[in-house]
Amino acid sequence: MSKEAKLELDGKVYSLPTLTGSEGEKAVDVSTLRATTNYITIDDGYGNTGSCASKVTFIDGDQGILRYRGIPIEELAEKSTFVETAYLIIYGELPNAVELKRFSDLLGTHQFLHEDMKYHFEGFPTGAHPMAILSSMINAASCFDEGLMKWQWGKMKQFDVYVAKLISQVRTIAAYSYRKSHGLPLIYPKQNYKYTENFLHMLFSMPYEDFQLKPEVVKALDLIFLLHADHEQNCSTSTVRMVASSQANLFASCAAGVCALWGPLHGGANQAVLEMLADIHNSGDDGSKFITASKDKNSGKKLMGFGHRVYKNHDPRATIIKKACDDVLAKLHITDPLLDIAKKLEEAALKDSYFVERKLYPNVDFYSGIIMRAIGIPVEMFTVIFAIGRMPGWIANYKEIMDEPKSRIYRPRQIYTGKTVNHYVDLEARK
Ligand code: SDX
């Protein structure tokens, strides 16, 4: 028998059921609140509101813990690959050799876009932001697939094929969007290349010369994808669940996730961090002026890449990426003044009472841009890289809704604070 919460309202005491998750997280179930009390809850930014129960990812923000299907991110970062971790996140278990080969083969089979998609790319102006192209082209790609246009909610024997299509084609679309925004010829994927190799090939090869794949570059990018693969109910994943709850198809729901991710407070932060570091560097500031400004609410400046709604301790992904930064730059014999500035900013902020009191630590976006810059990814593609990495998490959350027979459409309530009833006034009578 679960514990009950007691709520006293207008002289009456109500009992509300509670539930406890597998890691001891506790919740008060308010699903009967409105019917029994005529009250609803309200929670600006949903900081205290759980939208669902989920089996995919566990985060303990106080301990700095992140686990995909129970496996610590540190172990996956050290031993796994993005494709294997994508399988784990979506299907719940690490694949055996047969399952991994089948998944990899499906990704290879479905990596090409319909040839007519090229005409859609032609429609974008040079310089169009790749996130705008990515979100629209995911939906455009679905128009070439009858199964997506006639989506059979819950009856998807072919769901695995659509999982592979989306994970594979988002990479192809991303590479093409970069090539298009730079006026470069499209480069087709190679059948014998693995996932991340093919992405770099499609990004940087030329018709007359294949891009030289350095193992340390491939591994660094694969790690970036893996570290971004899921993160429980963040803004974009909640958006995917919101759209999925209407029983829209998988591509439409994840295209919505791309739009939510683009914002600078969310996935767009990795691009904003690099722009912030470059501004600090170009202004000759050693970072101290910027730190002062970022504490001043009127400055309009934030220390981008710092802070997190859940982590009130180090984001374990930031710790892993910071080390990978040092490794990759050393292997590539690169010294980057922006990395030095980032380290100075982190050091200064972690000693500054403003940041310490508010438990603001580096998040996944603080160092990821430095690695991407070192391996040659252009800054406008940083959030696209995040979207490619996050696709398995979005798909896993979509699948949880589709697999739940009792799932309902997401439809929050509100408290109305507008005008009380008033009446139409003819134009002539208006002041
Ligand atoms: C991601 O949710 C996820 O899991 C997201 C993500 C994922 O994997 O999906 O982890 C990826 O989006 C990481 C976050 C990337 N965004 C940034 O780095 C942008 C900079 N960070 C902030 O905008 C902010 O910290 C958020 C958006 C990340 C969190 O915002 P919250 O939880 O709403 O916190 P808040 O804005 O209410 O801040 C609390 C206080 C405020 O000061 P006071 O009003 O208490 O005086 O901390 C201050 C804020 O002004 N603050 C910052 C700050 N972040 C918070 N001050 C300066 N610089 C910052 N970066």
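Predicted model: local features only at pLDDT ≥ 70, side-chain atom pairs only at ≥ 80, totals over all residues.
**Ligand shell**

I began with the shell around the ligand, which has 9 nonpolar, 8 polar and 7 charged residues. For these classes I counted Ala, Val, Leu, Ile, Met, Phe, Trp, Tyr, Cys and Pro as nonpolar, Asp, Glu, Lys and Arg as charged, and the others, Gly among them, as polar.

Residues are numbered from 1 along each chain as its sequence is written, and side-chain values use heavy atoms, with hydrogens and water left out.

I looked up who surrounds the ligand and got 24 residues, the closest being His231, His308, Arg309, Arg317 and Arg390.

The side chain of His231 has an N or O atom 2.6 Å from a ligand oxygen. For Arg317 I noted 2.7 Å, and for His266 2.9 Å, again to an oxygen atom of the ligand. Alone, the ligand exposes 1,100 Å², and the protein buries 76% of that (Shrake-Rupley areas, 1.4 Å probe).

Where does the ligand lie? Domain 2 (72–267 + 384–403) and domain 3 (269–374) both give residues to its shell, so it lies between them. The bounds come from an automatic or database domain assignment.

**Second largest pocket**

I put this pocket at about 450 Å³. Of its 21 lining residues, Val83, Ser104, Tyr193, Lys194 and Tyr195 are the closest to the centre. A pocket here is an open set of points on a 1 Å grid over the protein atoms alone, with protein on both sides within 12 Å along at least five of seven lines; lining residues have an atom within 4 Å of a point.

Which helix gives the most to the lining? H4 does, with 5 residues (helices are DSSP runs, H or I, of at least four residues).

**Largest cavity**

I found 1 cavity of 30 Å³ or more in the whole structure; a 1.4 Å probe fits in a cavity but cannot get out. The largest cavity holds about 50 Å³. Among its lining residues I wrote down Phe112, Lys118 and Tyr188.

Conventions. Points joined across faces, edges and corners; volume = space filled by probe spheres on them. Helix = DSSP H or I, 4+ residues; strand = E, 2+ residues; numbered from the N terminus. Near = heavy atom within 4 Å. Polar contact = N/O pair within 3.5 Å; in protein donor to acceptor, adjacent residues only side chain to side chain.
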